[in-house]
Every structure is written in structure tokens, then in C-alpha cells.
Amino acid sequence: MFNLILFGPPGSGKGTQSERLIARYGLKHLSTGDLLRSEIANQTTLGLEAKGFMDRGELVPDAVVIGMIRSALDNNPEAKGFLFDGFPRTQAQSVALDELLEQRGEAINVVLALEVTEEELVKRLLNRGLTSGRTDDVNESIIRARITEYHKKTSAVADHYRQFGKVVEVKGEGTVDDIFDTLCAEIEKRKAA
Ligand code: AP5
């Protein structure tokens, strides 16, 4: 069992690298952003509640996303491990995740934190907004609001796991292939430890 958090600000490459990492390591990908967008597409009550927060670039309330992750863990008893992408995003979510994994006799093995400058994040997301259809990528002020929310609330997640020596910072600028190789090297080190 190997559980990993891919951590970083909006646009740092979590989704891009997650696709490759799950293919390499056979992990189950749990992206709260993708789960929420699927709820919105299906026009569920949860999706309708979440949409306003997401369109403003704010975090969805903890109880909503923790509930989604609890269900996803319950629904995947056979998983060889999980890659958490975009979760946890607050101190409360980190504590909840640790408890949920502990109930399964598991823990987070490593937090890989992608580091990218703010100007590069904004450039990437404005560019993605041209084709992605994501309503939170359409203008710079919403993108900057997401980055501000990340600094205000989400950086606490790295602090939480740093106290257990689980955080590895990885430069998230350069080619996708080079970043992937660095992430894999860090995973291999943790697997061997
Ligand atoms: P979420 O879907 O998690 O979005 P995010 O964190 O804002 O991250 P992104 O998907 O924008 O970026 P990414 O890091 O995955 O980068 P990507 O690989 O796509 O969350 C959306 C919203 O949902 C939140 O704002 C919040 O409202 C809500 N939410 C989600 N989880 C929540 C939670 N736990 N609690 C509360 N609310 C929650 O790459 C970005 C672009 O850059 C792409 O175009 C890509 O092709 C490009 N790119 C990638 N790598 C490189 C590279 N090396 N060089 C150049 N370009 C690159």
C-alpha cells in the first residue's frame, strides 16, 4: 500500500503529473476538483452547492469534500494505494484524511509538493482557459483569488505533513517529462525506505 499526496498551487501540474503517476504505479487517482466538477455536470445538490464557491475561486466547505473522500475510500477497498490530487487543502482536511487512512491501517507515505512561480501559474491557467471550458480559468482575477486561497489556507497542509518529515519539494517548472522523472525518483526513495 502506498499513499501519496500531490501538492501544489493551482496550475502547478498536479493533474498532468497525476495521470502519469497512476499509470506508472497503479494507484487510484482521487482528485476532489474532478469529483466536484462531475457533481456539477450531473447537477446534483452537492454540485449546485459547490459551484458558487468554485466559480469565485474559493474553497468548498471542508465537510463536503471530506464526505466525498470518505465515500471514495469506502468504494475502493481493493486499491493498491491512492494518489490524492487537490486534497487535503486545509488543516482540517489533513487531520480528517489521516484519521480515515488510520481506520484502514494506512497512512500518507509522502507529500510531493510542486513549486512554481505565481506568474507562471497565471500564464498556464489563462492559457488552459482558452480551451478547457473551466469556469474558474476564464479571468485573471479568479485565478489570482485561487492562488490567494492556496496561500491562506492550503499551505498549512504542507506544514502539517512537514512535522512528520513527509514533504518533498520538487521544482514544477521545466519539461513535463523531467518533472515526472524527479517525482518518480522521490517515490522510489520512499518505497525503498
Ligand atoms: P482543482 O480542480 O483541484 O484545481 P486546482 O488546484 O486549482 O488545480 P488545477 O487543476 O487548476 O491545476 P493543476 O495543478 O492540476 O495543474 P494542471 O496539471 O492542470 O480545484 C478546483 C476548485 O475546486 C478549487 O478552486 C475549489 O473551489 C474546489 N476544490 C477542489 N478540491 C477542494 C478541496 N479539497 N477543498 C475545498 N475545495 C476544493 O496544469 C495546468 C496547466 O499547465 C495545463 O494546461 C497543463 O497542460 C500545463 N502544464 C502542466 N505542467 C506543465 C509544465 N511543466 N510546463 C508548462 N505547462 C504545464
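**Stop one: two strands side by side**

Select β2 and strand β3 (residues 82-85): the two run parallel and are joined by four bridges. Strands here are DSSP runs of E with at least two residues, helices are runs of H or I with at least four, and both are numbered from the N terminus. Now pick S31, whose bridge partner in β3 is D85.

A quick note before moving on: this is a predicted model, where local features need pLDDT of at least 70, side-chain atom pairs count only at pLDDT 80 or more, and totals for chains, interfaces and linings use all residues. Residues are numbered from 1 along each chain as its sequence is written, and side-chain values use heavy atoms, with hydrogens and water left out.

**Stop two: the whole sheet**

Show every strand, and you get an open sheet of five in the order β2-β3-β1-β4-β5, paired in parallel (two strands pair if DSSP finds at least two bridges between them). Which strands stand at the edges? They are β2 (28-31) and β5 (167-171); each has a single partner strand, so one side of each lacks a neighbour in the sheet.

**Stop three: the ligand**

Look for polar contacts, pairs of N or O atoms within 3.5 Å. A ligand nitrogen is 2.9 Å from a polar backbone atom of G86, and a ligand oxygen is 2.7 Å from a side-chain N or O atom of R146.

Definitions and conventions
A polar contact is a pair of N or O atoms within 3.5 Å; within protein, one must be able to donate a hydrogen and the other to accept it, and residues adjacent in sequence count only if both atoms are side-chain atoms.
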